[in-house]
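Subject: Handing over the structure

Hi,

Here is the structure I promised to pass on. Have a look at it first, and then read on for what I found.

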Amino acid sequence: MTSPPGDSDHGSGSAREPEPLVCARCGARAEAPQPTWACSVENGTRYYFCDRCSRESLTAIEGRLDSAWW
Ligand SMILES: [Zn+2]
């Protein structure tokens, strides 16, 4: 039995790279996953929003809903 040297099959997978989070609104970056960030998926693309922008967008959405609803 001969196995190929190295773990190239395991090591160079395409799915294990930690991507830095980039806020889709203000462009703020976070190198580690932030539990306070919001993630929304639109058309199969993920968008991240920092805690500040997610708050602001929430407020904006609430304001819009309020005026649009009535
Ligand atoms: Zn932001």
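Let me start with a question: is Cys50 buried or exposed? Cys50 is buried, at a relative accessible area of 6%; buried stands for under 20% relative accessible area, exposed for over 50%, and partly exposed for what falls in between, with a 1.4 Å probe and protein chains only.

Before the rest, some ground rules. The model is predicted, so local features need pLDDT of at least 70 and side-chain atom pairs count only at pLDDT 80 or more, while totals for chains, interfaces and linings use all residues. Residues are numbered from 1 along each chain as its sequence is written, and side-chain values use heavy atoms, with hydrogens and water left out.

**The overall picture**

The protein chain has two helices and four strands, and along the sequence they come in the pattern α-β-β-β-β-α. Helices (H or I, at least four residues) and strands (E, at least two) are DSSP runs, numbered from the N terminus. Of the 70 residues in the protein chain, 10% are buried. The protein chain exposes about 6700 Å², with carbon and sulfur atoms supplying 52% of that; the areas come from the Shrake-Rupley method with a 1.4 Å probe, and for residues only the protein chains shown count as cover. Contact here means heavy atoms within 4.5 Å. Among contacts in the protein chain with a separation of 6 or more, 30% are between residues 24 or more positions apart.

**The zinc site**

What coordinates the zinc ion? The SG atoms of Cys23, Cys26, Cys50 and Cys53 do, at 2.3 to 2.4 Å. Donors are N, O and S atoms within 2.8 Å of the metal (3.2 Å for Na, K and Ca), and sites may look incomplete since water is not among the atoms. Along the chain, the donors of the zinc ion are spaced as C-x2-C-x23-C-x2-C. Cys26 is partly exposed at 47% relative accessible area, whereas Cys53 is buried at 7%.

Why is the arrangement around the zinc ion called tetrahedral? Because the four donor atoms subtend angles of 104 to 116°, and four donors count as tetrahedral if all angles lie between 85 and 135 degrees. For reference, the ideal angle for four tetrahedral donors at a metal is 109.5 degrees. As for disulfides (a pair of cysteine sulfur atoms within 2.5 Å), the count comes to zero.

**Around the site**

Arg25 is in the loop between β1 and β2 and is partly exposed, at 47% relative accessible area. Leaving out residues up to four places away in sequence, Arg25 touches Phe49, Cys53, Glu56 and Ser57. Its side chain also reaches the backbone oxygen of Cys53 at 3.3 Å. That is a polar contact: a pair of N or O atoms within 3.5 Å where, within protein, one must be able to donate a hydrogen and the other to accept it, and where residues adjacent in sequence count only if both atoms are side-chain atoms.

Ser54 lies in helix α2 and is buried, at 12% relative accessibility. The side chain of Ser54 reaches the backbone oxygen of Asp51 at 2.9 Å. Beyond its neighbours within four places in sequence, Ser54 is in contact with Thr36, Ala38 and Phe49.

Trp37 is found in the loop between β2 and β3 and is buried, at 13% relative accessibility. Its contacts, leaving aside neighbours within four places in sequence, include Cys23, Tyr48 and Cys50.

**Two exposed loop residues**

Pro33 lies in the loop between β2 and β3 (38-42) and is exposed, at 71% relative accessibility. Asn43, in the loop between β3 and β4 (45-49), is exposed too, at 83% relative accessible area. Phi of Asn43 is near 55°, a positive value in a residue other than glycine. Most residues other than glycine have a negative phi.

Cheers

How values were computed: Tetrahedral: all angles 85-135°; square planar, octahedral: opposite > 155°, others 65-115°.
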